[in-house]
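Here is a short briefing on one protein model. Look over the sequence and structure first, then read the points below.

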Amino acid sequence: MTVRRRLVPLAAVLLLASGCSISTTGAVRNGGPATGVQPGTRLYFLDQHGIRSAIRPTARREDLQQTLDTLLAGPDPAERRAGLYSDLPKDGRVQTTATPGVVTLRLSWPAASLSAPAIQQLVCTTEDAPTTGPVPKVAIVSSDAPSAIQQQCDLHRTG
């Protein structure tokens, strides 16, 4: 037998005998279990680069109408310090109606008065609000656009 053939079994025995030298500790307590989506409300505001999401920590996620009401109130002081702003009018209201697969946003102001980024704020926030089932299609209705106009969040486009 060559030296090499003798060393291989010897090395294997030494490796097994040495173990990994990590002692067992058992379970270590370090906070609660991991969870999925963190509670909070995801809103879309604007900054110098375009549209950006902000998560408002809350005990639970708001429903769609509450989420849009929060969006219309604009960025909070911390969000404003971070350079976020809204292009949505503060004197308006959005009423939501949900049917399977579609959320309709009925605006209290003319849709033509909104910039494209403002529409994206509404649509992206709506798409990220809690729903059952897949992400809904968003339709916008206003006094100057009584027929629903389908919109999609540019950040969520897949193709």
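The points below cover a disulfide, a helix and a hairpin.

This is a predicted model. The count of disulfides comes to one. That disulfide joins Cys124 to Cys153. Helix 4 carries Cys124.

**Disulfide**
- A disulfide is a covalent bond between the sulfur atoms of two cysteines.
- The S to S distance between Cys124 and Cys153 is 1.9 Å, within the 2.5 Å cut-off for a disulfide.
- The link of Cys124 and Cys153 is right-handed, with 85° about the S-S bond.
- Cys124 sits in helix 4 (residues 116-128) and Cys153 in the segment after strand 6 (145-151), so the link ties together parts that are 29 residues apart in sequence.
- Both Cys124 and Cys153 are buried.

**Helix 4**
- Helix 4 has 13 residues, which at 1.5 Å a residue should span 18 Å.
- Helix 4 is mostly covered, with 11 of its 13 residues buried.
- Among the buried residues of helix 4 are Ala118, Ile119, Leu122, Val123 and Cys124.
- Gln120, Gln121, Glu127 and Asp128 in helix 4 are also buried.

- Strand 3 (residues 94-99) pairs with strand 4 (residues 102-107) in the antiparallel sense.
- Six bridges make up this pairing of strand 3 and strand 4.
- Thr99 stands opposite Val102 in strand 4.
- Two residues lie between the strands of this hairpin.
- Gly101 takes a positive phi near 85° in the hairpin.

Key: Residues are numbered from 1 along each chain as its sequence is written. This is a predicted model: local features need pLDDT of at least 70, side-chain atom pairs count only at pLDDT 80 or more; totals for chains, interfaces and linings use all residues. Side-chain values use heavy atoms; hydrogens and water are left out. Helices (H or I, at least four residues) and strands (E, at least two) are DSSP runs, numbered from the N terminus. Buried means under 20% relative accessible area, exposed over 50%, partly exposed in between (1.4 Å probe, protein chains only). The expected span of a helix is 1.5 Å times one less than its number of residues. Two strands pair if DSSP finds at least two bridges between them.
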